[in-house]
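Colleague: I would like to go through this model with you. Shall we take it helix by helix?

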Amino acid sequence: MVKILNKTLISIKKALPTDYSIASAKQLNGKELSFNNIRDADAAIRIIRDFKDRPTVVALKHMNPCGIGQADDIETAWDYAYESDPVSIFGGIVVLNREVDAATAKKMHAIFLEIIIAPSYSEEALEILTTKKKNLRILQLPFEAQEASQVEKEYTGVVGGLLVQNQDVVEENPADWKVVTKNVNQNDQEKTALEFAWKAIKYVKSNGIIVTNDHMTLGVGPGQTNRVASVRIALDQAKDRLDGAVLASDAFFPFADNVEEIAAAGVKAIIHLAVQSVIKNLSIWLINTAFPWYLQVFVTSVIKIKRY
């Protein structure tokens, strides 16, 4: 189905539409979606697809997560996502993987958001969100159809054609991570934080760095032309909140300078992509600093800081 949204934007839905998609979303309130709205909303629902196990809220701005929070209830998850970066969430997109209740709706209503996406809304929540918010786009999606959406191909336009690839929906197994430095203990909270960070960094634009604890993001350094800048942005956002924090990078650290800066800031562990040559080059430094490094299937590694 072809839908003309404005003079320059046309939305095309597949003949056999994917239920869990922005193209198939039920819009309950607000203006029509713009080009950027559609792309950002699509990015948001991809992120939350990786956080099925607990109530989760994702806040997104310009294709990058600016806050992710997990908790035992959706209101607390919202609190964590908001506290992750209360500045960047302004004018952003929020997706929740549980029904929006009145308490959560009141908190969201208090700030300016472009789009809210959820599987359902209580009657009271919907009334709260639409009061004096005629432009707020409120979308409803069948989250039970998430798994079926993973088989879709990715299409990216280039001048003169299209690029096509499979979605990155590989499920990581933290049990495969191995320590290559010695004498390091790791508690369950750190393991949970590393898993959380590794899921989140997948969606941060390169060069991408993210700092998290076991239930929320603390600092995001997205899209910089060098990894040093990304590290410093993420650490600056996370400062004064680094107790129990870990850091994830979307690519390997080729030199020790970044790792030294991260360690000095107080981060407890790092997870990142690595290759054997990097492990060899940094192994002496890592052992001397008692900084353990986990390796998963030749490419994924984690460095952990131990303090004496």
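Modeller: Start with a term. Axes are lines fitted to C-alpha atoms, for helices over the stretch in contact, and angles run from 0 to 180 degrees between N-to-C directions. Keep in mind that this is a predicted model.

Colleague: How are H3 and H4 oriented to each other?

Modeller: The axes of H3 and H4 come within 8 Å. They cross at roughly 10°. Angles under 35 degrees count as roughly parallel. H3 and H4 are therefore roughly parallel.

Colleague: Which residues in H4 meet H3?

Modeller: From H3, the partners are Ala102, Ala105, Lys106, Met108 and His109. By class, this contact of H3 with H4 has six nonpolar, one polar and two charged residues. On the H4 side, the residues are Glu124, Ala125, Ile128 and Leu129.

Colleague: Why do the buried residues of H4 line one face?

Modeller: In H4, residues 123–130, the buried ones are Ala125, Ile128 and Leu129. Look down the axis of H4: these buried residues line one face because they fall within an arc of 95°.

Colleague: Which exposed residues sit on the face of H4 turned away from its buried side?

Modeller: The buried residues of H4 pack against helix H3, strand S7 and strand S8. The face turned away from that buried side carries exposed residues. They are Glu123 and Glu127.

Terms used. Residues are numbered from 1 along each chain as its sequence is written. This is a predicted model: local features need pLDDT of at least 70, side-chain atom pairs count only at pLDDT 80 or more; totals for chains, interfaces and linings use all residues. Side-chain values use heavy atoms; hydrogens and water are left out. Buried means under 20% relative accessible area, exposed over 50%, partly exposed in between (1.4 Å probe, protein chains only). Helices (H or I, at least four residues) and strands (E, at least two) are DSSP runs, numbered from the N terminus. The arc is that of the directions from the helix axis to the C-beta atoms. Contact means heavy atoms within 4.5 Å. Angles under 35 degrees count as roughly parallel, over 145 as roughly antiparallel, 65 to 115 as roughly perpendicular and the rest as oblique. Ala, Val, Leu, Ile, Met, Phe, Trp, Tyr, Cys and Pro count as nonpolar, Asp, Glu, Lys and Arg as charged, and the others, Gly among them, as polar.
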